[in-house]
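Morning, everyone. Please look at the model on the screen while I talk.

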Amino acid sequence: MSFELLFQYFLSGITVGSIYAIVAVGFNIIYNTTGIINFAQGEFLILGAMVGITLSPFLPLPLAIILAVILTVIIGALIEIIFIKWLKEPSVLRVIIITIGVSILIREAMLHIWDEKVRALRYFTGTEVSSVTIFGAHISPQVLWVLGISAVIVICLNFFFKFTLIGRAMRACSANKTAARLCGINSKRMVTFSFMLSAGIGALAGCAVSPLTQTQYDMGASLAIKGFTAAILGGLGNSMAAVAAGLIIGLLEAFSISILPLAYKDAVAIALLLIILFFRPSGLFGSREKSALKEY
Amino acid sequence: MKELLLEIKRLDRFFGGLQAVRDVSFSVLKGMVKAIIGPNGAGKTTLFNLISGYLKPHSGSIIFREQSITGCKPHRIAELGISRTFQTTKLFLQMTVLENVMVGRHTKTNSEFLSALLNLPRTWREEKQIKEKAVEILEILSLTDIKDEYAANLSFGQQRWVEFARALALEPELLLLDEPAAGLNIYETQEIADLILKIREWGITILLVEHDISMVMDISDEIIVLNYGQKFAEGKPEDIQKNPEVITIYLGEDNA
Ligand SMILES: Nc1ncnc2c1ncn2[C@@H]1O[C@H](COP(=O)(O)OP(=O)(O)OP(=O)(O)O)[C@@H](O)[C@H]1O
Ligand SMILES: [Mg+2]
């Protein structure tokens, strides 16, 4: 295999990997404040992209994307308020099943609104034939957009959780809900915030990747599985490790194409998920004690 | 005449068939240290949980600053000015000492998501103020040296102090302390007692649950004795000390 080809695989690997990473981070944000896995996370990406695609003919692209993100954030908040907020101390299992239901609901709604057609947002810069050459490999500028946006999301989130009032309050809720409430934090509101936040970053990532992978109403589930695998691989709740794990899975997938038939691409992530769940349920980077530290 | 800060009226709380708090009434005047003592399982922590909103009473009422807080949510009660520490410390273990104390100032800030986002300069200013205040509190409690340590890495005694710092960051009017000296040695207990008296000098009223009787006698203005969820006696430390029935409850029948 030539170096250029390897590099091409590498780039396509970290591109999809960075999207898995964002999905995984979305899982973690909600997991950290609630202890649940939100299986509608993949739908947030598709929904954001679909809204962006619909608005883009009428608006400048940045504005269409911003509106798509805002709308998805609002829907994220509504989902939490309508389906979860009013439950009195629900069991984790019950909420997870609710999120699965919600994911089906969103998917069906998207099918009605946008039918089965495969759509795509237009390229942020250039067209589908433009390319930049890096180390002899020709890549779409959109790849750089995806990587850049993912990096910015991750950096901003880090900043948000470390240096802002609400970010810290969300961490406090995940560290110890009882004590957080003692400090005057409305833990229920933090749960709503966490849904808004992960809906927002999901929508942004969905828009960024849409020109490359295209968007269809039912693509959320497979994204959710990849993102979930990344979240588990990194150790649930650990967002930085999830980013690394997302990239690893993306790379594995990309390179698997060179040895396995294309049809097995999705199987790679699922096989990996099963292996981790069997042998290292606390994740590659997580330690058993640390996951035991979490109180829910 | 001293001002009434907290009034508990005929409070009842059951756990299944067990009545953990039974018809308890008392009041706390502004500026005093009031202690609640009683044997294990007497209902002291339950009483604290009722006052701070973690449990709802089955009947009775809790009035704070002439306003009923019966059945209010914990975060609402914190906003109104009641803070507490827990029998087993509940710090944010994955956060630094400074961050723990900063979270304690949550009620003193504007935490609306949208307005925080729309007015970034003010949000940023506020963030700075929170930090300054937290640093100041840590200085007063001589915790500056450990301010960047993760709470999980602290010793038991240090965690206690950080929990105090976090509770004080809320600038409460009433501070509930659940066994602040539990697990501490004589020297550390004395330090905590001194701290409690210092806090009272700042004008913060204190309601204290404590098993260390000598400490309670030293620092409290009034004492309530609970037994099987009921108020058994109430009075000044000297009177409680002299009450033969209290001695019986506390030391058990055979020692009396
Ligand atoms: N959440 C709960 N569910 C069921 N029973 C409880 C609960 N909390 C407390 N109890 C019971 O209520 C009674 C009073 O408990 P509480 O913790 O208030 O006692 P305490 O006076 O604080 O005791 P200690 O000195 O051991 O801390 C005990 O019998 C306890 O088992
Ligand atoms: Mg107790």
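Let me start with a definition. Donors to a metal are N, O and S atoms within 2.8 Å of it, or within 3.2 Å for Na, K and Ca; water is not among the atoms, so sites may look incomplete.

Now some ground rules. This is a predicted model: local features need pLDDT of at least 70, side-chain atom pairs count only at pLDDT 80 or more, and totals for chains, interfaces and linings use all residues. Residues are numbered from 1 along each chain as its sequence is written, chains are lettered from A and ligands numbered from 1 in the order in which they are written, and side-chain values use heavy atoms, with hydrogens and water left out.

Back to the metal. Which residues coordinate the magnesium ion, ligand 2? They are B:Thr45, through OG1, and B:Gln87, through OE1, at 1.8 to 2.2 Å. B:Thr45 lies in helix α1 (residues 44–51) of chain B and B:Gln87 in the loop between β6 and α3, so the pair ties together parts 42 residues apart in sequence. Helices here are DSSP runs of H or I, at least four residues, and strands are runs of E, at least two, numbered from the N terminus.

How open are these two residues? Buried means under 20% relative accessible area, exposed means over 50%, and partly exposed is in between, with a 1.4 Å probe and protein chains only. B:Thr45 has 25% relative accessibility, so it counts as partly exposed. B:Gln87, at 33%, also counts as partly exposed.

Next, the interface. Contact means heavy atoms within 4.5 Å. By that rule, 32 residues of chain B are in contact with 27 residues of chain A. The area buried between the two chains is about 2700 Å², and carbon and sulfur atoms give 67% of it. Buried area is the accessible area, with a 1.4 Å probe, that two parts lose on being put together, summed over both.

How many salt bridges cross between chain B and chain A? The rule finds 2. It asks for a side-chain nitrogen of Lys or Arg within 4 Å of a carboxyl oxygen of Asp or Glu. One of them joins the side chains of A:Arg168 and B:Glu127, at 2.9 Å from N to O.

Now B:Arg166. It lies in helix α6 (residues 156–169) of chain B. Is B:Arg166 buried or exposed? At 1% relative accessibility, B:Arg166 counts as buried. Leaving out residues up to four places away in sequence, B:Arg166 touches residues of both chains, among them A:Ala179, A:Leu182, B:Phe92 and B:Asn100. Its side chain also reaches the backbone oxygen of B:Lys90 at 2.8 Å. That is a polar contact: a pair of N or O atoms within 3.5 Å; within protein, one must be able to donate a hydrogen and the other to accept it, and residues adjacent in sequence count only if both atoms are side-chain atoms.

Over to chain A. A:Ser194 is in helix α8 (residues 187–213). At 0% relative accessibility, A:Ser194 counts as buried. Its side chain makes a polar contact of 2.9 Å with the side chain of A:Thr33. The backbone oxygen of A:Val191 lies 2.7 Å from a polar atom of the A:Ser194 side chain.

Last, backbone angles. Most residues other than glycine have a negative phi. B:Arg65 has a positive phi, near 50°. B:Arg65 sits in the loop between β4 (59–64) and β5 (67–68) of chain B. B:Glu171 also has a positive phi, about 50°. B:Glu171 is in the loop between α6 and β7 (174–178).
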